[in-house]
Amino acid sequence: LGRLEAIFSSIYLIPFVFGFAFICNLLDLQYFSVITLAVVVVCIVLFSKDVKNIFGVALYACFYIGDIAENPNWLFYGIAIGIAVVSFIGFVIYKLVTDKKCRTIKNGKFYPALFISSVAFLLGGLIGNFKLLPFLATFGFCIVSVIFYWMAINFTKDLSDYLFKLFIIGAFLICLTIFAKNVELYMVGHVDFMIWGDIFTKAYIWPCAQNINVCTLFILMGLISCFFVNTNEKHEFLMLVLACILLYFIIISTCRVTTTIGLISFVFLTIRMFANSKNRKKLIIAGAILLAVAAAFVIINIRAVWYIIYSFVLKTFGAGDFNTSGRIDIWSWCLEKFLEFPIFGIGFITDGSLPGVRENFNNFVLAHNTIIQWICSLGLIGVILMTIYYIRKYKIIAKGLKIVLGIALIVILIEVIGMFDQAPSMDIFVHLIIILCIGTIERKATEP
């Protein structure tokens, strides 16, 4: 049992599990990857006292399952999810019965904010656009959010370093998935392998159940983590190289918001690394070599570089005016719905369709702006409740800037990106990341 606990508590379980899921994905055996992830969750709750790896499986499973909206198999997915949920519930009940310390909410200062946000979510669309199934799904999501926070502050150790390593591993797994998927497209003649930018263009990237905006956000979290993960000082150059690779993948995605933030973050954190390094001279020399290699790569692949720049310009000014990729239309639609349902909003599901949203998700309210999302989906009552939630959240984040800067920075960047792109209000996985980061800051504040 001791050996099993060591295996299922180790961060290195994640790359092995998702490596297998990655192979299943390539072979179009995604059902095997789903059942594997469910079994891993069962083993983690059975054999591990420190259950951090549940977070890794939950956050990255969306990249290794089929797009349910496009290829539904509700029975199979229901069984796999049911296995994980039942084991999860069993773990919660067992801990509540056997561990008195976790029965109180006094050890977590974010509980009231979570309860308030849950009320706001459940009230969204209550009058005028109430739908039972979305309400039940939202209720389940609120419970999962609270349980994730509860687990983070009660049953984990060294959570901050774990998340940094998880984000780095997850980022490279996503990059590998994207690369493999597009090489597969090259094999059937859909892309030109010699134009590196063409391999990674937005038109082709769609790994599993997530889109390119989510991919680049998760890759950005890995990039940030490279500068904060707890490693030996001798490994600083290695982490800088890894950060460069992740930045490259972000840039060639041609996602404008994430690329801009990624470049600024990389420059700022690289300067910070050089300023704080005890091996500054060696790191400067290594950095100069790395810069020379990058310059040579650009020169050799100048065609791809020009292609990427052209893609950015075309996406931004292709129609003659500044191109928001349909966001202005979506925002206008959302504000119209707020005027139609001002008190409790329209909720997160609509009978109509949003302009500029993927066909299979045209009934989901995806505002591409967190503030507009809350206004449209939750109405005035929900906005008031969420304001209380954000005040509490940012008080904790402010403390995190002093306690664990990397985690606080990831939350802030997610929020900034959420004003234009993939937001916590749009994606349950991104929302769970923020909750885990809040729990990490609180946990770090109490650790000796």
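Reply: Helices here are DSSP runs of H or I with at least four residues, numbered from the N terminus. The model is a predicted one.

Me: In which loop does His-368 lie?
Reply: Helix α15 covers 327-340 and helix α16 covers 370-403. Residue 368 falls in the loop between α15 and α16.

Me: Does His-368 count as buried or exposed?
Reply: His-368 has a positive phi near 60° and is not a glycine. Buried means under 20% relative accessible area. The relative accessibility of His-368 is 13%, so the residue counts as buried.

Me: What is the relative accessible area of Asp-158?
Reply: Asp-158 sits in the loop between α7 (132-154) and α8 (159-187). Its phi is positive, about 50°, although Asp-158 is not a glycine. The cut-off for exposed is over 50%. Asp-158 is exposed, with a relative accessible area of 52%.

Me: How many helices does the chain have?
Reply: The secondary structure contains zero strands. The helices of the chain come to 18.

Me: Of the 448 residues, what percentage count as buried?
Reply: The criterion is a relative accessible area under 20%. Applied to the 448 residues of the chain, it gives a buried share of 52%.

Me: Which share of the accessible surface belongs to carbon and sulfur atoms?
Reply: The accessible surface of the chain is about 21100 Å². The part belonging to carbon and sulfur atoms is 72%.

Me: What percentage of the contacts join residues at least 24 apart?
Reply: The contacts considered are those between residues at least 6 apart in sequence. Among these, the share joining residues at least 24 apart is 77%.

Conventions
Residues are numbered from 1 along each chain as its sequence is written. This is a predicted model: local features need pLDDT of at least 70, side-chain atom pairs count only at pLDDT 80 or more; totals for chains, interfaces and linings use all residues. Side-chain values use heavy atoms; hydrogens and water are left out. Helices (H or I, at least four residues) and strands (E, at least two) are DSSP runs, numbered from the N terminus. Buried means under 20% relative accessible area, exposed over 50%, partly exposed in between (1.4 Å probe, protein chains only). Contact means heavy atoms within 4.5 Å. Accessible areas come from the Shrake-Rupley method with a 1.4 Å probe; for residues, only the protein chains shown count as cover.
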